[in-house]
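This briefing goes through one structure by topic. The sequence and the model come first, and the notes follow.

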Amino acid sequence: MKYYDKLIFELSQNGRCGYSLPECGWDETATDISACLRRESDTRLPEVSEPDVVRHYTNLSNMNFGVDTGFYPLGSCTMKYNPKINEEVASMPGFACLHPLQPESTAQGALQLYHDLSKALSAITGMAEFSLNPFAGAHGELTGLMIMRQYHLQRGDVGRTRVIVPDSAHGTNPASAAVCGLEVVVVKSKPDGTIDTEELASLLDETIAGIMMTNPNTLGLFETEILKIAEMVHGCGGLLYYDGANFNPLLGKVRPGDMGFDILHLNLHKTFSTPHGGGGPGSGPVGVASRLAEYLPYPRVERDDDGCYHIVGSDKSAGRVSGFMGNFTVLMKAYAYILSLGKQNIKKAGALATLNANYIKESLKDCYKLPVDKLCKHEFVFDGLADKSTGVTTLDIAKRLLDYGFHAPTIYFPLLFHQSIMIEPTETESKETLDAFVSVMRKIAEEAKTEPEVLRDAPHNTPVRRLDETTAAKHPILTYFEL
Amino acid sequence: MSFPYFPHTDTDIKGMLERIGVKSLDELYGEVPDEVIYKGDYDLPDAMPEMEIRRYFENLDKQNRRLTVFCGCGAYDHYSPAVIPAIISRGEFLTAYTPYQAEISQGTLRYIFEFQTMIAGLTGMDCANASMYDGATSAAEAMLMAMAATKKKSRILVSGTMPANVIETVSTYAKYHGFGMDVIPEDGGVTDKKSMADELLAGDVAGILVPSVNRYGIIEDLSGLADAVHVSKGLLAVYSDPSVLAVIRTPGEWGADIACGDAQPLGIPLNFGGPYVGFLACRKELVRKLPGRIVGATTDIDGKRAFVLTLQAREQHIRREKANSNICSNQSLMALYVTIYLSLMGKEGMRRVNDLSYGGAHYLHKRLLETGKFSEAFEGKPFLKEFTLRTSLPAEKLHAALAAKGYLAAMPMGDDLVSFCVTEKRTREEIDKLVELIKTVEP
C-alpha cells in the first residue's frame, strides 16, 4: 500500500475535459430555462482528463484493503470470499438496462429471479415468504418490526408498543425499534452471554410486541434455550424476530423457522457472499411465517398458474419501504452463490465457518483472555490479552495486526467486556491463513511483554498512521472547499 | 466433494478438529438442541459449476426484453462511461467493508469525502453524508431528521407533486415512527403553495418536503417556501435529481435546510431499480442531526493529511435506541459510481448532458403535439428532460402498444395523462421513430 495525497479537485485545470458526449445539435438547450429557475452558483465540479481520473482512483484503491487483498476477520461482518462469477452475471446488459417500471411481460427474467431467490431463501431458513426489497440489514430490521407492529395492529391488539432486546444486541436493533416507534426493553445476559430466561419471564406481558434475537448471539454462542424462549414469548402473544447478521454458522445446519422465529432478515452481503463495497450496497431480505405473509412490504412478485410473474400488492401490507424492488443486482449475486452451493455444498458451509472459528479460539486462548470457554459458532470474543500487566489495549493489538498485513477484528464490541476482540474467520479461509494469523497474534502477545511501545505506536507500515479523530469531530471538515 | 470456495482438505479438517478436541464437524454443534438441527435435504437445485451458473443467467436474461427508454419516473437512462466499471470492479474497493480501520481504508474514505463535496456542490448545501440507500428512503430520513431537529412538532407536509413511490415510503416511516403526514394537493401540476402556507399556520409542522422537478417533470418555483416554513420554525427539505441541479436552481438557492434525492442519474445503470444511491445534504448547523456515515478530514500522528469516519456520536452503534436513525451502512460503491461520473463530466459535461436532454425532450414534446393525439396538460409549465401530456388515445393501450414495439414510453400517470423522458442517449432518429410509431396507434 502506497500513500497518495491528491483529491480529484486538486487535479483540476480550467478547460480540461474527461467526458465524451455528442455535440448538441438541438435548437433548444437548458440555457432557455427562465432565469428565475436557473442555477446561478458554480457547481465547483473538477475538470480533469480521463487518464487523470483512472490513475487517481487506481491510486486511491492502492490505499484500501479488501477480502481480495487478505484475511479480514471482522467479527459479525462475515467477510467471506466474493465469487467473481457473481459479479459477471450481475452486470449482464439485459439486467443492467432494465427499467424498474417496464411492463411485467418485458421483465419476466428479472421477476423470475426475484421469485426463485425468495423460494431458495425460504428453503434455507424455513420461513414461508420473503420480501427482497429491504436494502440492508438495518433496513430489514426496521421492515421486520413494521410487519410485527402491523400484525398486532391488524388484530386490534394496539397496546403492544414495547420490544425486548438483549443487552448484547447489535446497536441497530434498539435503533430500528425506536425508529419503528417501539419502546426498547433490555433483557440482561447471563455471565455466559445467553439470555436470562428468568428475567425474560418477568418482562413478558400484554405490552410486549416481541423480542429481537441474534442466534448465535454476539459472543458467537448458540442460545440453547431457544425453544423455551419461543414458547414463552408466543405464550404472552409476542413474536420472535431473528437478526440474521449471525446466520452464517447455521447455513446448511439450522433453520430459524424451526426454532420458532416468526420474522427474520438476512444479510445477503454477509451469509450470501455479495461484496460489501466499502459499506454497501448490501441487501436485507425479510422472511416471515405464513400467517404474516400478507403484511410484507409491497411491491411483491407472484407466479401464476401459467408460470408468468406479476408484481402485486396487498391491502394489509405494512407499506412501501423502497423506491423500487430492492438492490436488484445484489439479489442476482446472492442467487448465483446459492446455485454454486446447491443442496450439496450448503451442508458444509456453516460447519466449516464454525470449524475455522473454534480452531483460532483454541489456538490462542492461552495468550488471550477467553471469558466464555465453550464451543463457539462462527465467531468468538476475547477480552484483550490474558496478561493484563502490560497495559497493551485491544486498540493496540488491532493496529499492530495491520502492520502484519491482516485486517483487524471487530473491537470494543460487544459491550459486555472492556477489551472485546471479536474474531470471525468465515469458511473461505484456509488452514494456512488461519495458522499465519494465529502465529502473528501470538507474536503480538509476546511483543506486548517485550516491546509494548511498538504496539502503542502501531501501525507503522500503513499509508497513514493513527489519526487525530478528536479534532476531526470537534472541528468537522466535511468537504474539499473547507480544507 | 470439491468446491472452489472451501479450501479445506480432509487432512486439514482432521487436524483442526483434533486441536479443538472434537471428533466430527457435527460435534461442533453439540450444544444445539437436536430438534432444531435440519437433517433433511434442502429444496435447492443441485450444485452448479461456474459454466452452468453462467448459462442459467443467460437463459434468464433472454426472458427480459431490452426497450428503448423514453421513461423516467425516478430511474433515468443516462450514459454511464466505460471508466466506471473498470474502476468499480477493483477488489480493493469492491470487497472492502465500511472503513472502520482508517489506516488501511484511505481509498474509500477519500472518495466518500469527494462524493460529499460534489453532492454539497450540486445541491448548494454546506455538507452531505456518505450516502443513503435510495431516493425514497433519503426522503424518509430527511423527515425523521426534521422531526428530531425541531421542537414540539407533530407532523410533516409532503407535496402531492412528489413521485408517488417516495410519498408512499415516507408515509410508511411516518406511520410507524408515530408522526403525522399530510399531502398538500397540487394546483395545475405544481405544489399548491397557498394551501401549504395555510397548513403551516397551525404551527405543528416539523418539515415540508417538495420536489425541485416534480412527478410530471415540471421545474417547480419554490420561492417563498423557505420563509413560510421558517416562520413556523420548521425545515424545508427539497427532493431533487442531482443531474439537473447542474443547471436549475438548487435546494440551497431556494433556501432549503435539507436536500435529498436519488443520485442514480449520475452514472448508475437502471439495474431494474437498484442498487441506486440516495443522498442527504444539509446546512452546517444541522450536521449533528444528519444520519448515516460522514467522513471528515484530519491528520495522522506524522502530520499527513488523512480522512476518517467522524461525528460518530450521532450513530446507532453509540446511541442505540436514542439515535435519530437506525442506518448503519451507506451505498459506498454506488457513491463511487457517482464520484467517478462527476469527475469525468465536470462542469461542462454536466451542462452538455442537460443541454442534450433538454433539446431532445423539447423536440419530442413538439413532435407529439403535432401528431394531434396529444395536448398540453399543464400549459406553459417549464420542464427539462421529462414532461407530461394529455392524450386522446387510451393511455394504457398506448403504453402497451409501444412496449410491444420495443419502446418504454408514454407512462400512464392517471386519467389520460402520459409521461415521457428524453436523455442524452436518445437520438433524433429514435425520437422520430417513436413519433411515427405513435401515429399508427389506433384509438
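Predicted model: local features only at pLDDT ≥ 70, side-chain atom pairs only at ≥ 80, totals over all residues.

**The crossing of α4(A) and α2(B)**

- On the α4(A) side, the contact is made by A:Gly109, A:Gln112 and A:Leu113, and on the α2(B) side by B:Leu60, B:Asp61 and B:Lys62.
- Sorted by class, this contact of α4(A) with α2(B) has two nonpolar, two polar and two charged residues.

**The contact between the chains**

- Chain B puts 172 residues into the contact and chain A puts in 171 residues.
- On the side of chain B that touches chain A, helix α11 of chain B (residues 332-370) gives the most, with 23 residues.
- That side of chain B divides into 86 nonpolar, 49 polar and 37 charged residues.

**B:Phe93**

- B:Phe93 lies in helix α4 of chain B, which covers residues 91-94.
- B:Phe93 counts as buried because it has 24 C-beta neighbours inside 10 Å, where the cut-off for a buried residue is 20 or more.
- B:Leu333 is 240 residues from B:Phe93 in sequence, yet their C-alpha atoms are 7.4 Å apart in space.

**Chain A overall**

- Chain A has 13 helices and 12 strands.
- The radius of gyration of chain A is 25 Å, close to the 23 Å that the globule rule gives for 483 residues, so chain A is as compact as a globular protein of that length.
- The C-alpha trace of chain A spans about 75 × 65 × 45 Å along its principal axes.
- Of the 483 residues in chain A, 59% are buried.
- Among contacts in chain A with a separation of 6 or more, 73% are between residues 24 or more positions apart.

**A hairpin in chain A**

- Strands β8 (residues 300-303) and β9 (residues 309-312) of chain A run antiparallel and are joined by four bridges.
- A:Glu302 has A:His310 of β9(A) as its bridge partner.
- Five residues lie between the strands of this hairpin, and A:Gly307 takes a positive phi near 85 degrees there.

**Chain B overall**

- Chain B has 13 helices and 17 strands.
- Its C-alpha trace spans about 80 × 55 × 50 Å along the principal axes.
- Buried residues make up 59% of the 443 residues in chain B.
- Of the contacts in chain B between residues at least 6 apart in sequence, 72% join residues at least 24 apart.

**A four-stranded sheet in chain B**

- Four strands of chain B form an open sheet with antiparallel pairing, in the order β13-β14-β17-β16.
- The edges are β13 (374-376) and β16 (411-412) of chain B, and each has a single partner strand, so one side of each is left without a neighbour in the sheet.
- Three bridges pair β13(B) with β14 of chain B (residues 386-391) in the antiparallel sense.
- B:Glu376 has B:Leu389 as its bridge partner in β14(B).
- Helix α11(B) packs on the sheet and touches β13, β14 and β17 (417-421) of chain B, with a direction that makes about 5 degrees with that of β14(B).

Terms used: Residues numbered from 1 in each chain as written. Chains lettered and ligands numbered in written order. Contact = placed C-beta atoms within 7 Å. Helix = DSSP H or I, 4+ residues; strand = E, 2+ residues; numbered from the N terminus. Nonpolar A, V, L, I, M, F, W, Y, C, P; charged D, E, K, R; others polar. Buried ≥ 20, exposed ≤ 12 C-beta atoms within 10 Å, placed from the backbone. Pairing = 2+ DSSP bridges. Rg over C-alpha atoms; globule rule 2.2 N^0.38 Å. Axes fitted to C-alpha atoms, helices over the stretch in contact; angles between N-to-C directions.
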